[in-house]
Amino acid sequence: MAESTQPSVVQQAQDAASKLAATVADTLNFSDSKPADADKSGLPLLYIDEKAGSDSTGTGAELVPFATPLAAYQSLKPSPESDANPSALATFMVRKQDSVERNEWVELSASAKKKLVKTIGGWRKQEAKQAAEGERLAKEKAAQEEKERKRREEAQSIVLVDDPTKEAKRTKIFAVPELVGSRVRVQGWVHRFRPQKTNYFLIVRDGTAMLQCILTGDCIKTLDALDLVTESTVEVVGTIEKVKEGQTAPGGVELIVDYWKIIGRAPGGADAFDGRLQPDTDASIRADLRHLELRGEIATSVMRVRALLLRAFRERFHARRVTEVTPPCMVQTSVEGGSTLFEFDYYGAKAYLTQSSQLYLETALPSLGDVYCIQESFRAEKSLTRRHLSEYTHLEAELVFIEFKDLLDHIEGMICEVVDILLADPVSAEIIKTLNPDFVPPQRPFMRLDYRDAIKYLNEHGILKEDGSDHVIGDDIAEAAERKMTDQIGRPIMLIHFPKALKSFYMKALESAPDFTESVDVLVPGVGEVVGGSMRIADLEELMAGYRREGIPHEPYYWFTDQRKYGTTEHGGYGLGVERFLAWMLKRYTVRECSLYPRWMGRATP
Ligand code: 4AD
């Protein structure tokens, strides 16, 4: 919670008291430090009232008394010579405890004067102690600064030489394990840094891998060595050696550095990188610092698997002769209903950010055959769940001359093959093992569960609706119930044949039960739905009825409808949420961790 800038009640009361005191003093023509009264011998009279006075706002005047004799004495700014006999400087008047009403002031008693002298002694001691401590600290600081100055002066005189006659192969870190015995030149960020008396251990990261670097001798005496902090960029030059028996380092090698320099400095102190992102850093600060978080090991690992995953999908599509296309993101039609459309002004006309590229993929079938795209989709989701983004990477495919069973087999095949590729790749396999050690590749065939059987399952297993009642045919199964069922079953499920009323205008009806559709959601444990797909209506009249049923004007869809007019075909397709798929494989709590710069309700920065 932000600290209140409002003064406390006590503070307000004190302020009011000092204002009143000042007003009274002004009115009676008192100055702050000089009470007007003096006794017969001309000594100033200082008034002290233990109860009603104040040491911070009192002036010693009768109407504005101090609370203690010590404060009254201190107000005289006395030299230590007077400490033994304060009465030589002023006459101290105290109000008798029981005489407030009568306003009776008496001179400080002899015993109280003795006590005052003692208190003054204590005050002087305290002052002396504080002064000595201040002096000690100042000396210590000066010594430290001098030491630092000397260190820097000495460091400045140590200049490492980048000997141009000694060849060093410029390389990326991933290649260094092959270069044992060679002299190499590497540039990267200081990922970790452990300075010791006689050597520095650096872990340098260049985006391809990590490299342990050992700095000794003059290498740790330069100005750069004094200034080094994590996340600085450095150039390191030296010989690659295998790590000694029993020791470990990334790639099993280390760089024995003979020349190095800082390329770009990073701040230390309060602004140091390591201090800005701690495990307990607030989620919204973490989101603001996503650009820095991306440098961390977990985020880097997730992004690396993400890249390999997209490559694996492309590879499997290529192997199946499915062609990649790039449909537009700015569109004037909806695919999945109007409630999650982001609308914008397009040269004076209404346009939207695409919810799905499906309709455009369908139109490409007659020219390219099976097609796919990996494109951003946008959903104006009003919910802040851990599996919803406002912008996500949508992997969609459309397959022609197929039946529903072919679609299911294709989806299942793609998922299993991509998982196999990622488990066979040493980089992604290692990351999956680290982030999700219990991951088991899904077994084929996936369980195929009819929607109507799923409703039965939910009721038989006591998984109720949000309002506490049993599910009935026709219900949209809520996210929580769907996840509960999937987690109980514990393996991917193909949930098929959703009611027509729950699905979009383009879905093909089941021949045996026309109120249901040839549709599929793939559900996986921990996440829920990762894929949504269906067979599409091939018949022109049926499609027109679909528009009518959903209350959608058919005119803006003329280009989509034409697909049925000019040589229609049976076809179907699906969309896979890349972030959800990653969250499943890498056991991430939220899809937000699986996007480079995630967008969700209220968040479009950085
Ligand atoms: O089920 P959806 O809405 O289906 C479609 O958009 C179809 N037109 C796709 C097609 O057949 N070509 O979305 C498909 C998948 C979901 O299964 C889910 O994985 C993902 O897209 N998805 C989201 N991912 C993150 N955040 C959101 N807000 C998402 N909405 C859908």
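## Cavities

On a 1 Å grid over the protein atoms alone, a cavity is a set of points where a 1.4 Å probe fits but cannot get out. Lining residues have an atom within 4 Å of a point. Grid points are joined across faces, edges and corners, and a volume is the space filled by probe spheres set on the points. How many cavities of 30 Å³ or more does a search of the whole structure find? The search finds 2.

The largest cavity holds about 50 Å³ of space. Its lining includes Arg-386, Arg-387, Arg-483 and Arg-588. Gly-526, Val-527, Ala-583, Tyr-589, Thr-590 and Val-591 also line the largest cavity. Sorted by class, this lining has 4 nonpolar, 2 polar and 4 charged residues. Here Ala, Val, Leu, Ile, Met, Phe, Trp, Tyr, Cys and Pro count as nonpolar; Asp, Glu, Lys and Arg count as charged; the others, Gly among them, count as polar.

The second largest cavity holds about 30 Å³. Among its lining residues are Leu-308, Arg-311, Ala-312 and Glu-315. Two elements each give two or more residues to this lining: α8 (297–319) and α10 (404–424). The most come from α8, with 4 residues. The class count for the second largest cavity is 4 nonpolar, 1 polar and 3 charged residues. Helices (H or I, at least four residues) and strands (E, at least two) are DSSP runs, numbered from the N terminus.

## Model and confidence

This is a predicted model: local features need pLDDT of at least 70, side-chain atom pairs count only at pLDDT 80 or more, and totals for chains, interfaces and linings use all residues. Residues are numbered from 1 along each chain as its sequence is written, and side-chain values use heavy atoms, with hydrogens and water left out.

pLDDT is the predictor's confidence in each residue, from 0 to 100. The protein averages 92, and 93% of the residues score at least 70. Residues 1–7 stay under 50, with 1 contact (heavy atoms within 4.5 Å) beyond four places in sequence. Residues 20–35 are also below 50. That stretch has 15 contacts beyond near neighbours in sequence. Where pLDDT is low, the predicted coordinates should not be read in detail.

## Domains

The domain assignment gives domain 1 (39–143), domain 2 (169–274) and domain 3 (298–594). Such bounds come from an automatic or database domain assignment. The C-alpha centres of domain 2 and domain 3 lie 45 Å apart.

An unreviewed UniProt entry annotates residues 303–598 as "domain: Aminoacyl-transfer RNA synthetases class-II family profile". UniProt positions are given in the numbering used here, feature names are shortened, and annotations may be inferred rather than shown by experiment. Over residues 303–598, the chain is 36% helix and 21% strand. The end C-alpha atoms of this range are 12 Å apart.

## Backbone details

Which bond joins Arg-444 and Pro-445? It is a cis peptide bond, with omega about -10 degrees. Pro-445 sits in the loop between α11 (426–435) and β16 (447–450). The bond from Thr-605 to Pro-606 is cis too, with omega near -10 degrees. Pro-606 lies in the segment after α16 (578–585).

Glu-231 is not a glycine, although it has a positive phi of about 75 degrees. Its place is in the loop between α4 (223–227) and β8 (233–242).

How values were computed. 1 Å grid on protein atoms, 1.4 Å probe; cavity = no way out; pocket = protein on both sides within 12 Å on 5 of 7 lines; lining within 4 Å.
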